[in-house]
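The report below is meant to be read alongside the sequence and the coordinates. Please keep both in view while going through the sections.

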Amino acid sequence: MLRRLKQILIGSPLETAALPDQRLSKKAALAVLASDNLSSTAYATEEILLALTAGVAAGMMVPLHYSIPLAGAIAVLTAIVTISYGQTMHAYPTGGGAYTVAKENLGVTAALAGGAALLLDYILTVAVSVAAGIAAITSAVPSLYSHRVLLCALAVVVLLLVNLRGVRESAAVLAGPVYVFIIAIYLLIGGGFVRYFQGEVLPPPPPTGHEPWSIAYVFLLLRGFSSGCVALTGVEAVANGVRIFRPPVARNASITLYVMAGLLASMFLGTSFLAYMYGFTPRPEETLLSQIGRAVYGTGPIYYGIQATTMVILILAANTSFAGFPRLASIVAQDRFLPRQLANLGDRLVFSNGMMFLALVAIGLLIAFGADVHSLIPLYMVGVFLAFTLSQAGMVIHWRRSKERGRGWRMAFNGFGALTTALVLLVVGAVKFKDGAWMVVVALGLLMFVFRRIRDHYYAVSRELSLMDYEKPEELRHTAVVPVPGSPNKMVLAAIEYARSISKDVIAVHINLGGDDREELARQWHAWTPDVPLVVLESPYRAIVQPLMRFIDEIHNWRDEDVVTVVIPEFVTGRWWHHFLHNQTTAYLKVALLFKPHVVVTSVPHHLRR
Amino acid sequence: MELTPERKRSIRQRLEPLLAALNPEFRFVEVILDSERRNLGVVVQKGDQPAVLRFDFVRYVSMPEAELRSNLEEQLRSRKMLGNSSG
């Protein structure tokens with residue numbers, strides 16, 4: 001039944017040979033990898049204005065038109081980071097972004113910091129995007145506001161299912177909404193400018209000067225800048241997911257990256273201009289984009305269309321993470337810093353385990369933060385800019401070692417990129433520290449520690465299993481212990497016969513909880529298996545597993561050089577729900593025995609027909 | 001390997017009084033012998049704690065009572081199934 005449900009939800013398994021067919025064209029890859037970056041248009045301007053209006057609320061004279069130069073500076077920074085990543089992709093067409101670049105050039109610690117930052121970034125992308133998408137819906141339908149966490153969790157589950165169906169399938173679902181969103185935003189910007197220049201909108205009041213320069217004022221502007229830098233998030237997705245592209249991989253990825261950056265810059269600057277020209281400020285119950293849409297097109301079908309498209313793109317932005325996180329996690333897992341399961345391809349040639357892990361953690365975050373976009377965004381930025389900085393710094397070392405032509409200017413460019421993003425990282429870290437960035441710093445440290453512990457574990461396992469110091473043991477002898485439920489039956493006798501086939505020393509053991517007639521039991525037992533001793537242990541506290549474990553320990557010490565095999569008779573029910581009608585003692589026993597050294601556990605199943 | 005009922009009975013008759021002398025709470029459960037006929041196991045229980053006391057079968061047969069008693073005591077004490085006073 002479960003298999004059928006799985007097939008309905010995610011489709012039939014794909015052959016490994018079909019892996020090259022799963023690679024995407026530039027158009028399809030743009031839909032998968034750019035949705036995160038482009039969707040930040042929906043909230044980046046709002047984040048700048050939120051920071052600036054906080055100053056106004058505190059009694060400072062902050063001209064809101066400062067959002068325009070701040071947006072311009074962010075667009076320039078986008079260009080720098082984009083060109084830097086373009087170079088990274090040519091140098092490392094295998095993908096992995098900051099993790100790979102740092103590992104090759106800066107060492108393991110930097111790589112782990114980069115990997116942790118990127119993985120955290122992906123998790124936060126899901127949480128932020130979905131929360132923002134649902135916020136767009138609750139702006140249009142305020143009665144849904146109280147159900148936002150549930151709606152967010154549902155959206156994550158739907159995304160997970162779409163992605164579990166495969167890369168091509170998710171791209172097919174995504175392509176439409178991403179391109180419709182791009183058209184919708186240009187429609188909004190175009191319509192907004194037309195209305196403004198036709199004089200249908202009152203021009204904003206002329207700037208009235210600003211607060212005298214002070215540390216608090218500079219801090220406020222830096223806060224606005226760093227908040228707006230959320231627009232850059234997702235730029236790294238293309239470099240991380242290079243392997244998603246059809247060959248020539250690096251060329252196709254670069255073109256997609258530059259197209260994405262161009263779209264982002266124009267859309268972000270356009271909405272920032274509109275917000276200022278229409279004099280809008282952020283409101284908790286309505287997003288900035290919704291206010292602009294309402295002002296330009298009225299509360300009609302176009303407005304609802306823009307809102308719906310925005311909601312869809314914001315939710316689908318999380319899809320970039322579903323494409324990036326599992327791939328990066330698989331690379332880190334191949335290096336043994338994450339559990340190996342994350343490196344396994346699932347039925348549909350995607351890293352299903354990574355996807356499910358991502359969905360679970362993101363839902364946890366959404367619940368913890370009440371699906372509040374503004375509480376989640378401060379967490380978002382530190383990881384992103386740490387990854388940017390490490391990636392650029394790693395590239396500087398790469399070019400220094402390289403003999404490629406033009407390495408001088410490339411090194412200079414990446415150096416400038418590293419310096420700029422490091423500065424932003426410092427600013428973001430400082431201004432957002434109290435808002436929650438400290439949590440990311442703690443999480444990064446914790447993740448790096450976990451990475452190392454996982455690697456240590458795998459190293460210890462491989463050393464312990466190594467044949468370097470292997471000594472062949474002398475002939476094995478073992479005692480078979482068969483836990484039996486009481487009087488003999490088909491299931492019990494099958495286990496006894498099996499035990500007899502593997503050992504000359506078989507002992508049956510029964511735990512008497514107080515209700516069994518010992519003499520009758522002995523008589524029945526002797527009638528069916530006269531040559532197997534039955535040990536009946538009393539359990540005054542009605543425990544089964546504990547006295548059994550103690551007896552197994554005793555049997556283990558009974559003879560020198562002895563291995564104990566516990567042969568467990570069990571029946572398998574004909575229907576899955578019948579399972580719940582029986583005691584789960586066998587399962588508890590198996591778990592308890594798993595951790596006992598020198599004890600082998602064998603299960604002898606008896607399949608019930610009904 | 002299952003011992004004959006007579007052999008089991010004789011082992012039980014020999015050990016049960018010794019166990020009772022050490023602590024009346026001890027219950028004689030079963031006696032087992034391995035297929036090599038070398039290792040004798042005497043299963044006893046006190047409360048919910050079982051113990052399999054090990055003896056060399058050949059040595060056991062000719063073991064003087066005093067040595068058997070002290071061997072039993074030592075094995076039970078090593079499992080912390082006896083108090084400091086040996087009863």
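## Contact between the chains

Two residues are taken to be in contact if their C-beta atoms, placed from the backbone, lie within 7 Å. In this predicted model, the contact between the chains draws 22 residues from chain A and 18 residues from chain B. On the side of chain A that touches chain B, the elements giving two or more residues are strand E2 (505–512), strand E3 (534–538) and helix H19 of chain A. H19(A) gives the most to this side, with 6 residues.

Sorted by class, the side of chain A that touches chain B holds 14 nonpolar, 1 polar and 7 charged residues.

## The sheet of chain B

In chain B, 3 strands form an open sheet in the order E1-E2-E3, with antiparallel pairing. Strand E1 (27–33) and strand E3 (49–56) of chain B are the edge strands, each of which pairs on one side only, and the twist from one strand to the next averages 20 degrees.

E1(B) pairs with strand E2 (residues 39–46) of chain B in the antiparallel sense over 6 bridges; for B:Glu30, the bridge partner in E2(B) is B:Val43. Helix H19 (residues 545–558) of chain A packs on the sheet, where H19(A) touches E2 and E3 of chain B and runs in a direction that makes about 10 degrees with that of E3(B).

## A helix pair in chain A

Two packed helices are described by the angle between their axes and the distance between the axes. Helix H3 (residues 44–57) and helix H11 (residues 249–277), both of chain A, pack at an angle of about 45 degrees, with their axes 9 Å apart. H3(A) and H11(A) are therefore oblique to each other, and H3(A) passes H11(A) in a right-handed crossing.

In this contact, A:Ala44, A:Thr45 and A:Leu49 of H3(A) meet A:Phe268, A:Thr271, A:Ser272 and A:Ala275 of H11(A). By class, the contact of H3(A) with H11(A) has 4 nonpolar and 3 polar residues, and no charged residues.

## Confidence of the prediction

For the complex, the predictor gives an ipTM of 0.93 and a pTM of 0.74. Chain B has a mean pLDDT of 89, with 93% of its residues reaching 70 or more. Within chain B, confidence is lowest in helix H2 (residues 57–61) of chain B, at a mean of 90, and highest in E2(B), at 95.

How values were computed:
Residues numbered from 1 in each chain as written. Chains lettered and ligands numbered in written order. Predicted model: local features only at pLDDT ≥ 70, side-chain atom pairs only at ≥ 80, totals over all residues. Pairing = 2+ DSSP bridges. Helix = DSSP H or I, 4+ residues; strand = E, 2+ residues; numbered from the N terminus. Axes fitted to C-alpha atoms, helices over the stretch in contact; angles between N-to-C directions. pLDDT = per-residue confidence, 0-100. Parallel < 35°, antiparallel > 145°, perpendicular 65-115°, else oblique. Left-handed = near helix turned anticlockwise from the far one by under 90°. Nonpolar A, V, L, I, M, F, W, Y, C, P; charged D, E, K, R; others polar.
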